[in-house]
Amino acid sequence: MKNENMKKIIESISQNFIYIFLLILIVLIAFVNPRFLSLVTLRDILLQSSTRVIIAIGMFCILLTGGVDLGAGRVIGLAAVLSASMLQTPDYARRFFPDLPQLPLWLPIVIAILAGIAVGLLNGIIISKFSVPPFIATLGTQVIAYGVTSIYFDLPPNNSQPIGGLRKDFTFIGSGSIGGVPIIVIIAIVIAVIAWIVFNKTSFGKYTYAIGGNRQAAEVSGINVKLMLLLIYTIAGACFGFAGVLEAARTGGATNNYGFMYEFDAISACFVGGVSTTGGVGTVPGVLAGVLIFGVINYGLTFIGINPYWQYILKGIVIVVAVSIDIRKYLTRK
Amino acid sequence: MGTLQEDYEGKHKRRKVKHLNGGNATCLASVPLKKQNIIKKVNSIMMDEFILEINNISKEFPGVKALDDVTLKVKTGTIHALVGENGAGKSTLMKCLFGIYKPDSGQIVLNKKRVEINNPSDALKLGISMIHQELHPVPYRNVMENIWLGRFPEKKYGPLSFVDHKKMYDDTRLLLKELNIDIKPNEKVANLSVSKVQLMEIAKAISYDSKIIIMDEPTSSLTENEVEHLFKIIKDLKKRGVSIIYISHKMEEILKIADEVTIMRDGKLIGTWPASELNIDMIISKMVGRDLTNRFPKRQNVPGKVKMRVENLTSSIPNSFKNISFEVREGEILGVGGLVGAQRTEMIEAIFGLRSVQAGEIFINGEKVNIKSPIDAKKHKIALLTEDRRLTGIIPLMPVLENTSIANILKYVKPNFLLDSKKMRNDVAKAVDLLRIKTPSLNKVIKDLSGGNQQKVLFARWLLTEPEIFLLDEPTRGIDVGAKYEIYTIIADLAKQGKSIIMISSEMPELLGMSDRIMVMCEGRMSGIIDGSKATEEEIMRLATKFIA
């Protein structure tokens with residue numbers, strides 16, 4: 001009887017390992033410096049994590065199907081440069097488009113997101129129509145996206161100068177707050193809630209899990225797998241585009257190297273958060289926990305004064321250890 | 001074993017001595033008849049040595065007692081069949097023997113010595129090899145590299161050693177020639193048919209020169225001729241003193257080949273009998289623990305008007321099916337027989353829109369339909385239960401709920417795009433009840449269910465789409481006898497409700513027991529359609545081999 005109880009406890013610990021790990025991490029840091037447990041810390045970590053949440057959710061959709069997108073970072077760069085170039089203050093000295101009239105705020109944002117959608121759609125077409133493995137397809141398109149961004153960025157009179165002097169109404173999205181809560185955090189929460197609803201309450205979500213879980217079975221069941229993949233890569237592209245816009249707004253500028261390697265942070269967060277490497281398994285709360293773990297490591301280690309380079313080593317360990325514990329859930333028991 | 005035997009011997013001697021001392025006649029003839037019998041029995045025990053004894057093995061998985069104090073004794077140079085329903089523990093027991101699982105208690109005695117087998121490589125070293133139920137070849141490597149994988153012959157050049165391809169080639173050729181298997185050593189495995197791959201695996205198991213070979217459903221994808229061939233190989237091995245543990249669901253095969261039969265049920269040993277004392281009905285009733293006087297339910301379906309007509313269906317791939325024409329009526333079960341490779345699966349998947357056709361027309365209710373994908377097929381109320389449940393059926397890590405509803409989920413989308421999960425759950429629960437699917441809850445992931453229950457979930461998946469035509473591809477493959485009967489009942493009920501059923505089956509009794517008519521295919525062509533009530537196995541076999549040169 002005692003044994004049974006122990007088993008149950010171990011079971012539930014392994015099922016919820018990721019959340020427990022996050023808690024332990026916070027407790028450990030708070031142990032070294034109790035001032036870590038404050039609203040300011042919470043606010044800062046959430047602020048730093050918000051764009052990452054949006055990127056990770058885009059990546060989550062793709063990883064669920066058993067695919068991957070190595071081009072997320074480059075799409076972020078493209079969207080950041082596009083939106084920033086059209087949203088500079090009129091009196092700024094080095095404007096990207098010197099004679100551009102004041103555009104309504106939404107227009108450049110929509111254009112940047114559309115650019116993300118275009119890359120996502122291209123990925124989707126290459127992957128579903130031509131059956132190119134996602135790894136290769138997105139490896140190719142990310143180089144193209146970087147090329148396009150750099151050419152645009154290099155246009156005279158800008159000539160590859162960092163884009164700055166962004167409009168206040170734009171940067172307000174990235175740094176302003178409503179009732180003490182940063183707008184960007186609210187956006188991230190809204191997107192996470194939408195994602196949770198989509199993946200738990202809609203047929204679209206169930207189909208995505210099914211495709212990742214057994215693509216052939218999904219096809220036989222009459223699911224239009226190709227169309228689904230096309231949609232998923234496009235939606236992910238929109239997420240990355242939107243994240244790029246927010247990055248520009250948050251930092252008040254953009255260069256062609258914005259977002260570089262962000263896809264790896266997103267992929268790591270998803271895997272640490274319990275998304276299966278082969279697809280078909282994963283939850284939105286898990287992904288959020290994954291992002292937060294890295295947020296806490298980033299912020300917390302600096303907070304208690306550890307050499308920032310140690311963060312890399314710890315992050316690497318976390319990825320390997322967390323996944324090796326999490327994967328135990330699916331291994332056939334010997 | 002050694003001590004046991006000495007014991008017997010000792011007693012035997014003592015008994016003789018006693019008689020001598022008693023001053024009676026010195027020959028055995030004077031010993032009372034009862035005692036003579038005892039001596040004979042002792043003698044026979046001494047002669048039949050057990051090469052392998054698996055004693056009192058138990059193995060528990062979380063929540064399931066997979067093996068409960070099971071004992072299996074295999075005599076030298078015999079074919080020992082191991083039968084039981086799926087989940088009876090046969091494969092688990094063999095996995096314990098082969099070192100894949102570690103038993104919780106019990107011991108393995110090999111050649112009278114107690115052994116510890118911790119992994120398959122230990123087992124191979126001890127002279128135990130295994131043909132696994134699921135074939136795992138390395139597809140893009142050739143036959144010889146697959147056979148000698150992990151023990152390539154090597155040539156040494158000073159401190160360096162390289163793979164000796166020539167020796168490997170010659171050894172492989174010799175091995176295959178000895179076994180009379182027609183495969184080239186340097187053929188890429190991906191190019192071989194499933195049955196050739198199975199023969200290769202058999203050759204591989206034999207190549208270890210083992211004293212014990214475990215064969216876990218070795219004939220699952222072999223043709224009749226190849227099964228005969230395998231039996232010849234097995235008998236040959238037996239002559240050489242090799243013992244074979246033979247697992248199969250095919251009773252006819254077991255009775256034909258086995259010397260002894262051990263029956264298991266629910267992880268427990270039921271007993272071991274000489275095969276000569278058993279018949280099919282006896283084995284089945286011992287396996288399921290109840291008498292199955294009838295292996296098939298009574299069918300009450302009445303075929304009505306023509307539901308679907310297929311005309312001249314021809315694959316766009318050469319050497320696949322061609323010129324297939326047939327019709328199926330409402331409330332009719334049309335069996336499709338033939339050998340493996342007769343292109344039955346290809347034909348049925350083409351009807352479902354999974355494969356392309358070069359020519360041919362399909363009419364449903366007299367109207368010509370155009371089916372290019374499973375989505376089209378679903379619109380025309382066709383359902384397909386595929387041949388390979390694991391590969392193309394279940395979504396392993398998804399709960400039963402979603403696995404059941406996935407083909408029909410759009411029906412539950414509310415105007416606000418969210419799913420009506422309450423209605424969905426209700427409908428699934430109803431289907432689960434109706435088909436008597438055994439699952440602890442609807443949230444259980446399907447891979448934890450038994451094969452029979454997984455298959456029933458797939459039936460439920462399609463039942464929810466309310467189809468009128470069911471295409472069933474080997475609906476009872478790899479399912480235990482009890483669950484088979486339940487699947488047959490489901491099929492019979494569907495036919496009774498007026499559904500049209502096309503059922504591919506490689507099991508003759510199933511074809512004969514379930515079909516109103518039987519269509520037989522051979523080499524991609526239709527070789528005949530016969531009345532199910534008058535058909536015989538011989539006639540089906542004759543048609544199934546009609547075009548084979």
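This is a predicted model: local features need pLDDT of at least 70, side-chain atom pairs count only at pLDDT 80 or more; totals for chains, interfaces and linings use all residues.
Residues are numbered from 1 along each chain as its sequence is written, and chains are lettered from A and ligands numbered from 1 in the order in which they are written.

Ile317(A) is found in helix α14, residues 309–326 of chain A. Helices are DSSP runs of H or I with at least four residues, strands are runs of E with at least two, and both are numbered from the N terminus. Ser221(A) is 96 residues from Ile317(A) along the chain, and their C-alpha atoms are separated by 41 Å.

Now the two chains. 21 residues of chain A are in contact with 27 residues of chain B; contact means C-beta atoms, placed from the backbone, within 7 Å. On the chain A side, α9 (203–213) and α10 (215–220) each give two or more residues. The largest share, five residues, comes from α9(A).

Next, a sheet in chain B. What is the strand order? The open sheet has six strands in the order β6-β9-β10-β3-β11-β12, with mixed pairing. Two strands pair if DSSP finds at least two bridges between them. The edge strands, β6 (128–131) and β12 (268–274), each pair on one side only. Strands β3 (79–83) and β10 (243–247) of chain B run parallel and are joined by four bridges. In this pair, Ile79(B) stands opposite Ile244(B).

Helix α8(B), residues 224–239, packs on the sheet, touching β3, β9 (212–216) and β10 of chain B. Its direction makes about 145° with that of β10(B). Axes are lines fitted to C-alpha atoms, for helices over the stretch in contact, and angles run from 0 to 180 degrees between N-to-C directions.

Last, the largest nonpolar core, which has 241 residues. Such a core is a set of buried Ala, Val, Leu, Ile, Met, Phe, Trp, Tyr and Cys residues joined through C-beta atoms within 7 Å. Ile214(B) is among those with the most contacts inside it. Helix α11(A), residues 225–251, gives the most to this core, with 14 residues.

Methods
Two residues are in contact if their C-beta atoms, placed from the backbone, lie within 7 Å. A residue is buried if 20 or more other C-beta atoms lie within 10 Å of its own, exposed if 12 or fewer, and partly exposed in between; C-beta atoms are placed from the backbone.
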